[in-house]
Amino acid sequence: MSRIAYFGPQGTFTEQAARRLAPGEELIPAETIPAALASVRSGAADAACVPIENSVEGAVTATLDSLSEAEPLVAVAEVLLPVHFSVLTRPGTTEIRTVASHPHALAQVRHWVEANLPGAHPVATSSTAAAAVAVDAGEFDAAVAAPVAVEHYPLEVLATEVADVRDAKTRFLLVRTPGELPEPTGADRTSIVAAATNRTGALAELLTELAVRGINLTKLDARPTRNNFGEYRFFIDFEGHVAEPRIGDALAALRRRCRNVRFLGSHPRADDGTTEIEPGAANEDFTDAIDWVESVRKGAQA
Ligand SMILES: O=C(O)C(=O)Cc1ccccc1
């Protein structure tokens with residue numbers, strides 16, 4: 001059985017994602033996202049499940065930063081989970097002055113809290129389930145948590161299906177040390193991070209390498225390198241798998257442009273989108289073109 005670290009404690013959305021991505025495996029809670037990833041790097045876990053992106057709040061920056069630092073890790077699978085919240089209180093609570101949760105959760109229930117718990121102060125905790133633990137311990141009055149959290153902590157449900165934005169979703173990754181890659185499926189996602197130098201057009205050059213090959217971007221985030229003010233790392237997700245000739249060609253071009261590029265994985269997309277390929281950018285176009293150059297070199301064609 002594999003050991004899967006996840007951003008816990010028990011009852012987080014990430015735990016549900018880990019159950020979907022690694023059914024039947026041993027799940028080990030970690031208190032923070034960097035701690036979950038560190039346990040893979042140290043060998044204490046075989047893989048880690050972490051949130052990467054939310055349809056309302058955008059990137060999970062702790063995950064981006066941890067993936068770009070220390071030993072490389074690669075994503076091998078992803079899952080999209082719908083996100084709506086339950087509001088949990090200690091039995092017998094009559095007045096709610098503090099509402100605790102992960103910052104992404106608080107941002108997604110702000111209007112609900114203003115309308116239903118006027119005057120209550122939001123308090124950030126490390127995760128939604130950590131908020132439930134803190135409410136149980138008497139530190140705060142209410143927790144905004146995953147619906148399953150009530151199965152783990154002796155709290156009462158004040159409200160269910162709470163969300164300012166209907167159909168909000170979070171994408172989670174299963175991450176391992178570099179090794180065998182998942183097979184291409186025809187609907188895959190590749191992720192990289194590149195530290196572009198601070199000069200005119202540096203980011204445009206990287207994106208152009210993808211655009212000219214007809215590769216569709218699915219996400220772009222910038223994070224500061226933290227070393228020099230104004231210097232950024234760019235996290236770029238795009239359709240396709242590194243095993244495909246057109247994606248391999250694009251990655252080689254990115255590597256030529258930027259020595260500081262890290263491969264973060266190629267794996268099946270959870271959103272089931274089929275990749276639209278521009279004319280001239282199909283894998284056969286790339287292999288045909290390479291074959292043609294080879295035969296020109298051999299003097300067999302012109
Ligand atoms: O805190 C959690 O439960 C997490 O797994 C992170 C998170 C927070 C808010 C929405 C989705 C995931």
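The protein is divided into domain 1 (1-82 + 170-180), domain 2 (84-162) and domain 3 (181-302), with bounds that come from an automatic or database domain assignment. This is a predicted model, in which local features need pLDDT of at least 70 and side-chain atom pairs count only at pLDDT 80 or more, while totals for chains, interfaces and linings use all residues. Residues are numbered from 1 along each chain as its sequence is written.

**Overall form**

- The C-alpha trace of the protein spans about 85 × 45 × 35 Å along its principal axes, and the centres of domain 2 and domain 3, taken over C-alpha atoms, are separated by 42 Å.
- The secondary structure comes to nine helices and 15 strands, where helices (H or I, at least four residues) and strands (E, at least two) are DSSP runs numbered from the N terminus.
- Of the 302 residues, 37% count as buried; a residue is buried if 20 or more other C-beta atoms lie within 10 Å of its own, exposed if 12 or fewer, and partly exposed in between, with C-beta atoms placed from the backbone.

**Annotated spans**

- An unreviewed UniProt entry carries the annotation "domain: Prephenate dehydratase" over residues 3-177, a span that is 28% helix and 35% strand and whose end C-alpha atoms lie 13 Å apart.
- UniProt also places the feature "domain: ACT" (unreviewed entry) at residues 191-269, a span that is 29% helix and 37% strand, with its end C-alpha atoms 11 Å apart.
- UniProt positions are given in the numbering used here, feature names are shortened, and annotations may be inferred rather than shown by experiment.

**Around the ligand**

- The ligand is surrounded by 15 residues, of which the closest are Thr12, Phe13, Thr14, Ser127 and Thr128; a residue counts as near if its C-beta atom, placed from the backbone, lies within 6 Å of the molecule.
- Two or more residues of this shell come from each of helix H1 (13-21), strand S3 (47-54), helix H4 (103-108) and helix H6 (128-136).
- The shell divides into seven nonpolar, eight polar and no charged residues, where Ala, Val, Leu, Ile, Met, Phe, Trp, Tyr, Cys and Pro count as nonpolar, Asp, Glu, Lys and Arg as charged, and the others, Gly among them, as polar.
- Because domain 1 and domain 2 both give residues to the shell, the ligand lies between them.

**A four-stranded sheet**

- Four strands form an open sheet in the order S13-S14-S12-S15, with antiparallel pairing; two strands pair if DSSP finds at least two bridges between them.
- Strand S13 (217-224) and strand S15 (261-268) stand at the edges with a single partner strand each, so one side of each is left without a neighbour in the sheet.
- Strand S12 (residues 188-195) pairs with strand S14 (residues 232-239) in the antiparallel sense over seven bridges, and the bridge partner of threonine 190 in S14 is phenylalanine 238.
- Alanine 194 has its place in strand S12 and counts as buried, with 21 C-beta neighbours inside 10 Å.

**Local backbone features**

- The peptide bond from glycine 8 to proline 9 is cis, with omega near 10 degrees, and proline 9 has its place in the loop between strand S1 (3-7) and H1.
- Alanine 70, found in the loop between H3 and strand S5 (74-82), has a phi near 55 degrees, a positive value in a residue other than glycine, and with 11 C-beta neighbours inside 10 Å it counts as exposed.
- Glutamate 161, found in strand S10 (residues 156-162), has a positive phi of about 55 degrees although it is not a glycine, and glutamate 161 is exposed, with 10 other C-beta atoms within 10 Å.
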